[in-house]
Amino acid sequence: MARQSVRILIAAAAVALPLAGSGCSSSSDNNTTGPSPQISMTSSASGEGQAAQVGTALPLPLRAVVTLNGAPQVGTSVAWAAQGAGASVSPTSSVTDASGVATTTWTLGTATGAQTATATLAGAGGSPVTFHATASAVPVPVIAMTASASGNAQTGAVTTTLADSIRVIVTLNGTAQAGDTIRWAALGTGASVSPAKSVTDATGIASTTWTLGQTAGQQSATATLAGATGSPVSFSATAGPGAATQITLQSGNAQTALINAVFGAPLVVKISDQFGNGVAGDTVTWASVLGIASVNPAKSASSATGLAQTAITAGSGAGQDTITATATGLTGSPVRFTATVVASLLTDSVVVGPGISFTSARNGTSNPAVDTIGVGGTMTWVWAGGDHGVGSTGSPSFTSQTSAQTSGTYQFTFTSAGTYTYDCIIHGTAMTGRIVVQ
């Protein structure tokens, strides 16, 4: 009985074993491939489609989930990357948690518009997962004069403080910005602002007071906010002169004229404030000390530039006179001019050119340039430009130039009385002059 039981077990074992070389195999063959993990965005709160300013971190993290046969995979390492200049993720690698979720924080790059980031799991289906975001430009504050009561275009005297403060407003996306520091500056000698820095208040407004500089006319001040559109804001003001303090000689001194002739240039003085700005409306009284010459008018008011003038005419006798210009109460008053009256001039000159013209240097007459000199006097023609030559015409005559020149001088001494006419040997009667010798 025992031997029969052994034979049965051996037979059963033989049935269970495959035959050698039969090529048969079991269903648990080692060559069978298992399922792959899958990676995707989480179904909610994935961080996809966010928007923020360039260079800033997105408010929500990026989230990817890893599964295997639908079951969350714990402990799987996911690699993160952000594309574009200045873009980054932190961390660059993270491990899935009990829910199969891995996360990172995405900081946008410097370019505006669409940006991308990826979550990568090697060998996983769906890898890499691409996330999208939109980057907008960083808003820039705007600085401008306040719409009302800005303090622009005021008027005041030099070195005085303007009646109204100058004011600016700072906004960001149309909303008033508090706490921004504005730097103020005033241009010109003696000009100033106080304070030089001020901070915008709850309405976005900052202000300062402006003291004008020493020079009359247009002046400017600025309000600067670094990086703001519209910066610097420029304010203008008109500075008038201060009170008149002085009178000074400007021109017309030490002239010489023939008997009974008008002197070639007026006598001119300037009325000004302590900084040299011309003051209008002050009266200057003119007078001849010796009566050798006369003035007209005897009184004149200073112009907008502070200048006052009179014409002077030689009398019937030769000699040197003193002309005074008096402005009561001003430093420098009276101003004294000398004027000399002669029977005849022994030297005079004519300007040649630069256009087609002869012009008397003494009295400004031109084409003809009319001059008077005494017998034995010398006339000098002085070239200012152009190709010209002096040619005597009519009778009596004087020695003409034989050729034209473009620079230098030409002289002739007249030894006989008479009226001498001349023109240009190039331009003829278009360019003329007359010399009376007496």
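The model is predicted, so local features need pLDDT of at least 70 and side-chain atom pairs count only at pLDDT 80 or more, while totals for chains, interfaces and linings use all residues. Residues are numbered from 1 along each chain as its sequence is written, and side-chain values use heavy atoms, with hydrogens and water left out.

A nonpolar core is a set of buried Ala, Val, Leu, Ile, Met, Phe, Trp, Tyr and Cys residues joined through side-chain atoms within 4.5 Å. Buried means under 20% relative accessible area, exposed over 50%, and partly exposed in between (1.4 Å probe, protein chains only). The largest nonpolar core has 23 residues, and Ile247 and Trp286 are among those with the most contacts inside it. Strands (DSSP runs of E, at least two residues, numbered from the N terminus) supply residues to this core; S23 (267-272) and S29 (335-342) are among those that each give at least two. The largest share, 4 residues, comes from S29. Contact means heavy atoms within 4.5 Å. Leaving aside neighbours within four places in sequence, Ile247 is in contact with residues including Val269, Val284 and Val335.

Leu345 lies in the loop between S29 and strand S30 (347-352). Leu345 counts as buried because its relative accessibility is 9%. Beyond its neighbours within four places in sequence, Leu345 is in contact with Arg362 and Gly377, among others.

Arg362 also takes part in a salt bridge (a side-chain nitrogen of Lys or Arg within 4 Å of a carboxyl oxygen of Asp or Glu). Its partner is Asp348, at 3.0 Å, N to O. Asp348 lies in strand S30 and Arg362 in the loop between strand S31 (358-360) and strand S32 (369-373), so the pair ties together parts that are 14 residues apart in sequence.
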